[in-house]
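Please read the following report alongside the sequence and the coordinates. It takes up confidence, helix packing and aromatic contacts in turn.

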Amino acid sequence: MRYYPVPYSTREDIKAVFGLSYREFTMLAGGVVAGCVLSLVLFLLTKVFIVIFILTVVPLTTGMAWYLAFKRVLEVDHYETVDRHFWKGILYRLRPHNYINYRR
């Protein structure tokens with residue numbers, strides 16, 4: 001019986017920044033930045049004290065980004081994160097599904 005070497009999987013994310021992968025880190029940083037921008041816009045629209053918006057909006061958007069980056073969803077035979085699951089769904093909807101069958 002022959003033995004063949006099996007290569008390691010390269011689909012795993014490499015932990016790079018603070019023990020997070022680049023994808024997870026950019027999701028969390030994007031959540032913090034989106035929260036800061038949203039709290040600044042709300043402050044400019046309502047002229048209420050900005051600390052109120054920073055203390056409420058930034059943790060909310062960061063929590064949403066954390067959920068998208070770390071929550072696992074069961075696909076057909078494997079687990080994917082929610083953001084990758086949404087991205088696959090968007091790409092599936094953008095793909096053409098009405099093929100024209102004809103003979104040459």
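The report below begins with the confidence of the model and then moves to particular elements and residues.

**Confidence**

This is a predicted model, and the mean pLDDT of the protein is 85, with 94% of its residues reaching 70 or more. Among the elements of the protein, the lowest mean pLDDT, 81, belongs to strand 1 (residues 15-17), whereas the highest, 91, belongs to helix 3 (residues 82-94).

**The segment before strand 1**

Pro7 lies in the segment that precedes strand 1, and with a relative accessibility of 69% Pro7 counts as exposed, because the cut-off for that class is over 50%. Between Pro7 and Val57, which are 50 residues apart along the chain, the C-alpha atoms are separated by 45 Å.

**Packing of helix 1 and helix 2**

Two packed helices are described by the angle between their axes and the distance between the axes. For helix 1 (residues 22-46) and helix 2 (residues 50-70), the axes come within 8 Å and cross at roughly 150°. Since angles over 145 degrees count as roughly antiparallel, helix 1 and helix 2 are therefore roughly antiparallel to each other. The crossing in which helix 1 passes helix 2 is right-handed. In the contact of helix 1 with helix 2, the residues divide into 19 nonpolar, six polar and two charged.

**Aromatic pairs**

How many aromatic pairs does a search of the whole structure find? The search finds two, and they are set out in the table.

| Pair | Distance between ring centres | Angle between planes | Class |
|---|---|---|---|
| Phe18 and Phe25 | 6.1 Å | 50° | tilted |
| Trp66 and Phe70 | 4.3 Å | 40° | tilted |

For the pair of Phe18 and Phe25, the planes stand at 50°, so the pair is tilted, given that stacked pairs have planes under 30 degrees apart and edge-to-face pairs over 60. Phe18 counts as exposed at 74% relative accessibility, while Phe25, at 30% relative accessibility, counts as partly exposed.

Trp66 and Phe70 are four residues apart in helix 2, which means that about one helical turn separates them. Trp66 is partly exposed, with a relative accessible area of 46%, and Phe70 is likewise partly exposed, with a relative accessible area of 27%.

Terms used. Residues are numbered from 1 along each chain as its sequence is written. This is a predicted model: local features need pLDDT of at least 70, side-chain atom pairs count only at pLDDT 80 or more; totals for chains, interfaces and linings use all residues. Side-chain values use heavy atoms; hydrogens and water are left out. pLDDT is the predictor's confidence in each residue, from 0 to 100. Helices (H or I, at least four residues) and strands (E, at least two) are DSSP runs, numbered from the N terminus. Buried means under 20% relative accessible area, exposed over 50%, partly exposed in between (1.4 Å probe, protein chains only). Axes are lines fitted to C-alpha atoms, for helices over the stretch in contact, and angles run from 0 to 180 degrees between N-to-C directions. Angles under 35 degrees count as roughly parallel, over 145 as roughly antiparallel, 65 to 115 as roughly perpendicular and the rest as oblique. A crossing is left-handed if the near helix is turned anticlockwise from the far one by less than a right angle, and right-handed if clockwise. Ala, Val, Leu, Ile, Met, Phe, Trp, Tyr, Cys and Pro count as nonpolar, Asp, Glu, Lys and Arg as charged, and the others, Gly among them, as polar. Rings of Phe, Tyr and Trp (its six-membered ring) pair if their centres lie within 6.5 Å; planes under 30 degrees apart count as stacked, over 60 as edge-to-face and the rest as tilted.
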